[in-house]
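Biologist: Let's look at surface patches and charge pairs. Please show the model.

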Amino acid sequence: MAVDDALRLRVLLLLATARDAELTRELLAKEGIDADICADGVQLADALARGAGAVLVAEEMLGPGGAMNVLAHALERQPRWSDLPVLLFTKGGADSLAVGDAVAALGNVTLLERPLRVAALVSTVRTALRARRRQYEIEDQLHQLEQVRIAEATAARRKDEFLAMLGHELRNPLAPVRNALYVLSLDDSDPQRRAELRTMMERQVNHMVRLVDDLLEASRLSRGMITLHREPLDLRQALQAGLEQSRPLIEAGRHQVRMALPDAPLPIDADPVRIAQVFGNLLNNAAKYGNPGGQIVVTARRDGAWACVSVEDDGTGIAADDLAHVFDLFVQGPQDNEATQEGMGIGLALVRNLLDLHGGDVTAHSDGRGTGARFEVRLPLANVTQLSAAATQKPSTLTDMRVLVVDDNVDAATSMAMVVDLLGAERQVAHDGAAALQAIAKFQPHVVLLDIGMPGMDGYEVARQARAMPQNAGLVLVAVTGWSQKVDRQRSRDAGIDHHFPKPVDVSKLTALLEDTVSTAQVR
């Protein structure tokens with residue numbers, strides 16, 4: 001028996017004489033029942049604090065300074081599941097005033113009138129201890145239920161934190177996209193401006209796509225399992241992308257941003273979207289807590305094997321007691337101006353988590369309130385040759401390929417057809433299942449980009465019927481669909497679809513697939 005269990009199931013003895021106590025202890029020991037002797041109320045109080053299965057006390061020991069007050073106080077403090085058995089040796093049943101008071105005050109009292117047979121005493125003690133064991137079982141069950149409740153509350157909190165984080169992060173890329181569309185609606189005559197806005201919107205849409213992907217993987221993210229899509233990247237580009245994300249807040253606060261970047265690249269192996277989030281959030285934080293019309297300074301430099309970035313503002317600063325908590329979730333700075341009212345206090349927590357995933361770190365520095373703040377980021381540098389190779393990649397052309405685009409959404413089909421045109425492939429478009437089967441028979445495409453969720457004949461049925469035709473043995477079927485769960489991918493495989501891409505499709509991955517189709521001689 002463990003030490004704690006021995007204490008929890010022992011019988012505490014407070015009897016009239018030391019001889020009575022010793023004889024009773026020996027008698028119970030012969031029956032396998034552990035008992036400890038208490039000389040007075042002080043010892044009883046100490047023993048009760050360490051644990052007991054039952055108390056066996058003589059009526060004579062209930063008087064002033066004795067067991068009555070000790071037991072009453074102990075029972076008042078016991079948890080709700082506990083009902084400590086008290087076995088009371090009496091001279092004449094419940095006739096005495098002391099015994100009557102004990103029964104009224106102590107609750108779970110069993111009277112043992114002397115003289116008492118040994119068998120009756122042992123039986124009574126065993127019954128009390130069995131009841132006490134059941135109480136401990138109830139305690140264990142309550143503890144387990146509490147652990148389950150805590151686990152459920154933690155899971156719910158993590159889900160809420162994730163959804164709050166998602167809503168917070170979606171606002172950043174939406175702002176520049178809306179601004180770009182507004183500019184284009186007023187005047188789209190400048191080719192250079194169109195190109196800049198197109199590049200900006202592409203980057204922001206990619207950002208939103210990744211966040212939506214995270215929403216579909218909420219269960220993994222709630223356990224901190226964010227997947228990075230690394231590639232060679234110049235850190236200076238990530239800083240520019242972060243500046244673009246935070247520009248609405250910067251302009252709202254009339255801040256001046258000064259960037260001091262090195263002439264040479266700072267190559268890192270990183271997820272471009274996530275690293276842009278890091279610096280976008282740091283700049284957002286500087287804009288929120290910087291003085292209106294003040295200055296934000298961003299510097300980047302190489303330090304041995306590390307790339308180091310500093311983001312500094314001249315605003316409200318951080319109190320010494322708060323520095324250790326600025327990266328905790330939902331922690332907000334002082335609400336000193338209107339700009340600081342937005343946000344859920346998750347931006348800096350996200351910064352720290354994303355940098356941890358990249359093998360980097362972030363620290364906060366401030367001399368106190370009103371002195372501004374500086375955040376310093378470190379990221380490991382990558383091989384510069386990888387960055388050069390990535391920068392020289394060129395878009396591919398597929399002049400010998402025929403591609404059929406099938407989608408009931410006219411805008412989706414038209415935009416995908418434009419992508420295929422730019423890749424150099426010959427293409428046709430169909431907007432329903434029947435038209436798709438006719439086009440497969442007449443156009444004889446090498447690849448079909450097939451929407452799944454079409455009314456009437458869905459993409460799965462189109463694939464099954466196409467596969468039933470011997471002349472389509474070499475046809476490559478690619479699902480391009482909003483249905484992208486595990487069960488949807490399995491249904492694609494069962495229908496004879498070769499590849500499954502979630503919408504919006506990653507054009508680089510689609511291009512690689514088409515190039516592979518050409519290189520493996522699947523083109524007829």
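Biologist: Which residues form a nonpolar patch on the surface?

Modeller: This is a predicted model, where local features need pLDDT of at least 70, side-chain atom pairs count only at pLDDT 80 or more, and totals for chains, interfaces and linings use all residues. Residues are numbered from 1 along each chain as its sequence is written, and side-chain values use heavy atoms, without hydrogens and water. Patch members have over 30% relative accessible area and no salt bridge; like charges are joined within 9 Å, nonpolar side chains (Val, Leu, Ile, Met, Phe, Trp, Tyr) within 5 Å. Here the patch is Ile138, Leu142 and Leu145.

Biologist: Is lysine 503 buried or partly exposed?

Modeller: Buried means under 20% relative accessible area, exposed over 50%, and partly exposed in between (1.4 Å probe, protein chains only). Lysine 503 has a relative accessible area of 35%, so lysine 503 is partly exposed.

Biologist: Which side chain meets lysine 503 in a salt bridge?

Modeller: A salt bridge puts a side-chain nitrogen of Lys or Arg within 4 Å of a carboxyl oxygen of Asp or Glu. The N to O distance here is 2.8 Å, and the partner is aspartate 407.

Biologist: How many residues apart are lysine 503 and aspartate 407?

Modeller: The pair links distant parts of the chain. Both sit in loops: lysine 503 between β17 (499-502) and α17 (507-519), aspartate 407 between β13 (402-406) and α13 (410-423). Helices (H or I, at least four residues) and strands (E, at least two) are DSSP runs, numbered from the N terminus. The separation is 96 residues.

Terms used. Areas by Shrake-Rupley, 256 points an atom, 1.4 Å probe, with all protein chains shown as cover.
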